[in-house]
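Please read the briefing below alongside the sequence and the coordinates.

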Amino acid sequence: MSRANPTLLALLLVSGCSAPRPVVPLFDSRVPLEPLLAKLKESGGDPGRILRPRASADLATLESGRRYKFVVRDGRLAIAPLPADSPSNDYVHPVLAAGEPVRTAGGIRVEHNGSSIRKAVVDQDSKAYCPTAASLDSALTVLAGLGVPADRLRVDNRPPACVDGPTAAASGPRYGELMAEVGRRFERLGRAFRANRLALAEFELGEIGEVFEEDLPKAEPPRESAGVNLAGVAQAFRETNLPELESALRSKDPAAFKAAYARAAETCNGCHRTSGHAFVEVPAEPGAAVPRLDPLR
Ligand code: HEC
């Protein structure tokens, strides 16, 4: 319990302030920016296309009635150039904010007839920033500042399914767990090929591709790998080794498969060496256990 401080009150009165300005919180991103930017680049996205409206007329460039991701940063709106539900839309909240803290983040839906705005609805559904419903006030303030009449502004309360804090896994499984899966499947790929179980081999290869395409980009790299461009190596693996293995499987040519398998293992090991995990050795021969576990002498 604290009573009003008379000196402070006097100061406030003298300076003409009736009440201190409310403190407006900022929200930090809970996911690393780098993999998200890499993903955006891969899908042909460009941060330069992010919409930063300066007047309400700029909002009419959004498709009427569609929901777009947005953030409020430095007192301004940044809106994704594609609707939230369009395929391969990698303009996610941390990308819109360049990884910086935001006043709020979520979705915006503008209903308009090309010139006049009938309604602008905002929600706080951002898993990466996990903002409160109250933070949407900052979006309403910016929208009003752009000239959207106050009676057209709406809030849609959509509490996000927030990702865990920054110390926990970024937004999904840990890098090491995914790698353990890659190792298990890579071993099985080799064994399946040797057993002439080509459908199984193809299945395992497809699953490895999915881990590299969908899961690894979202996983937080281990701390020892700081500063190493894991995303770049992973991309090289996806773009050269995976297709090579695929065509070797299709050709059913054991020599071609062995060569492709050995080259893939080389990429695995190259990344392990540069990321400080040289002891995770992936054997070049299909059928051998992954990682290598026979005794060192
Ligand atoms: C882009 C870099 C990169 C590539 C490519 C890569 N790895 Fe890894 N791998 C890592 C890192 C980093 C770790 C350590 C993860 C950790 O410490 O959490 C690791 C760990 C592993 C582990 C040990 C996991 C555990 O927890 O037991 C296995 C097994 C593994 N990788 C297999 C493979 C195989 C097989 C390939 C190729 C098909 C491969 N990796 C390709 C970066 C890579």
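Two residues are in contact if their C-beta atoms, placed from the backbone, lie within 7 Å. Helices (H or I, at least four residues) and strands (E, at least two) are DSSP runs, numbered from the N terminus. This is a predicted model, in which local features need pLDDT of at least 70 and side-chain atom pairs count only at pLDDT 80 or more, while totals for chains, interfaces and linings use all residues. Residues are numbered from 1 along each chain as its sequence is written.

**Overall layout**

- The chain holds 9 helices and 5 strands, and from the N terminus on its elements follow the order α-α-α-β-β-α-β-β-α-β-α-α-α-α.
- The chain is more spread out than a compact globule, because its radius of gyration (taken over C-alpha atoms) is 26 Å, well over the 19 Å that the globule rule gives for 297 residues, that rule being 2.2 Å times the number of residues to the power 0.38.
- Along the principal axes, the C-alpha atoms fill a box of roughly 85 × 50 × 25 Å.
- Of the 297 residues, 33% count as buried, a residue being buried if 20 or more other C-beta atoms lie within 10 Å of its own, exposed if 12 or fewer, and partly exposed in between.
- Among contacts with a separation of 6 or more, 68% come from residues 24 or more positions apart.

**Nonpolar cores**

- A nonpolar core is a set of buried Ala, Val, Leu, Ile, Met, Phe, Trp, Tyr and Cys residues joined through C-beta atoms within 7 Å; the largest one has 34 residues, of which Phe-70, Val-71, Ala-78, Ile-79 and Leu-96 touch the most other members.
- Strand 1 (67-73), strand 2 (76-79), helix 4 (93-96), strand 3 (104-112), strand 4 (117-123) and helix 5 each supply at least two residues of this core, and strand 1 gives the most, with 4 residues.
- Apart from this core lies another, of 27 residues, among them Met-179, Ile-208, Leu-245 and Val-290.

**Helix 8**

- The 22 residues of helix 8 (residues 230-251) should span 32 Å at 1.5 Å a residue, and the end C-alpha atoms are 31 Å apart, which agrees; the expected span is 1.5 Å times one less than the number of residues.
- Helix 8 bends by about 30° at Arg-238, where the bend is the angle between axes fitted to the seven residues ending there and the seven starting there.
- Its buried residues are Leu-230, Ala-234, Phe-237, Asn-241, Leu-245, Ala-248 and Leu-249, and what covers them includes helix 7 (198-215) and helix 9 (254-274).
- Just after helix 8, Lys-252 takes a positive phi of about 55°.

**Ligand shell**

- The ligand is surrounded by 24 residues, of which the closest are Gly-176, Met-179, Gly-183, Cys-268 and Cys-271; a residue is near a molecule if its C-beta atom, placed from the backbone, lies within 6 Å of it.
- Helix 6 (175-194), helix 8 and helix 9 each supply at least two residues of this shell, and helix 6 gives the most, with 7 residues.

**Two individual residues**

- Ser-138, in helix 5 (residues 136-146), counts as buried because it has 21 C-beta neighbours inside 10 Å.
- Leaving aside neighbours within four places in sequence, Ser-138 is in contact with Val-24, Val-72, Arg-103 and Thr-104.
- Ala-259, in helix 9, counts as partly exposed because it has 14 C-beta neighbours inside 10 Å.
- Ala-259 and Ala-284 are 25 residues apart in sequence, and their C-alpha atoms are 8.7 Å apart in space.
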